[in-house]
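Hi there,

Here is the structure I promised to pass on to you. Please open it beside this email and follow along as you read.

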Amino acid sequence: MDPDNDNQHDGGDAPAIFIIIGQTNRRKGGKMRPVHVMLAAPDEDTAVRLCLEALSSKGFAEADLDQIGLMDGAPNEEPHASAYQGALGGEVAVIAFD
């Protein structure tokens, strides 16, 4: 993650892959669990909107998004490596920790 950027893509060949870190749960008022979301988006606002839409469609009732940043390359370890590849392909990859 590149924390020293303005979270806008420079328009290069590869799409901007954002990672959003937060907490979510499937029941309102339930115990919050960590979540990481990776997705391609042109800017931070779009990334947050797409993230929230994906979490809602996957049955999450609440989400607190704590941090957003641009990935500066593909991660080496799973499950993030697969999530990054999915994001490159246009998916919104949700990694929920139980």
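Below is what was found in it, from the whole chain down to single residues.

This is a predicted model, in which local features need pLDDT of at least 70, side-chain atom pairs count only at pLDDT 80 or more, and totals for chains, interfaces and linings use all residues. Residues are numbered from 1 along each chain as its sequence is written, and side-chain values use heavy atoms, with hydrogens and water left out.

**The whole chain**

The protein chain has 2 helices and 4 strands, and from the N terminus on they follow the order β-β-α-β-α-β. Helices (H or I, at least four residues) and strands (E, at least two) are DSSP runs, numbered from the N terminus. Of the 98 residues, 35% are buried, where buried means under 20% relative accessible area with a 1.4 Å probe, protein chains only. The accessible surface comes to about 5,800 Å², and carbon and sulfur atoms hold 44% of that; such areas come from the Shrake-Rupley method with a 1.4 Å probe, and for residues only the protein chains shown count as cover. Contact means heavy atoms within 4.5 Å. Among contacts between residues at least 6 apart in sequence, 65% join residues at least 24 apart.

Start with Gly22 in strand 1, which is buried because its relative accessible area is 3%. Gly22 and Gln67 are 45 residues apart in sequence, yet their C-alpha atoms are 6.7 Å apart in space. Leaving aside neighbours within four places in sequence, Gly22 is in contact with residues including Arg33, Pro34 and Asp64.

Asn25 is also found in strand 1, and is buried with a relative accessible area of 4%. A polar atom of the Asn25 side chain lies 3.1 Å from the backbone oxygen of Gly30. Not counting residues up to four places away in sequence, Asn25 touches Gly30, Lys31, Met32, Phe60, Ala61 and Glu62.

His36 lies in strand 2. Is His36 buried or exposed? His36 counts as buried, because its relative accessibility is 18%. The side chains of His36 and His80 are joined by a polar contact of 2.8 Å (a pair of N or O atoms within 3.5 Å; within protein, one must be able to donate a hydrogen and the other to accept it, and residues adjacent in sequence count only if both atoms are side-chain atoms).

**Around helix 2**

His80 is one of the buried residues of helix 2, along with Ala81, Ala83, Tyr84, Gly86 and Ala87. These buried residues pack against strand 1, strand 2 and strand 4 (93–96). Pro79 lies in the loop between strand 3 (62–70) and helix 2 (80–88), and a cis peptide bond joins Glu78 and Pro79, with omega about 5 degrees. Just after helix 2, Gly90 takes a positive phi of about 100 degrees. Most residues other than glycine have a negative phi, and most peptide bonds are trans.

**The pocket lining**

Which residues line the largest pocket? The lining is made of Thr24, Asn25, Arg26, Arg27, Gly30, Lys31, Arg33, Pro34, Phe60, Ala96 and Asp98. A pocket here is an open set of points on a 1 Å grid over the protein atoms alone, where a 1.4 Å probe fits, with protein on both sides within 12 Å along at least five of seven lines; lining residues have an atom within 4 Å of a point.

Happy exploring!

Methods. Buried means under 20% relative accessible area, exposed over 50%, partly exposed in between (1.4 Å probe, protein chains only).
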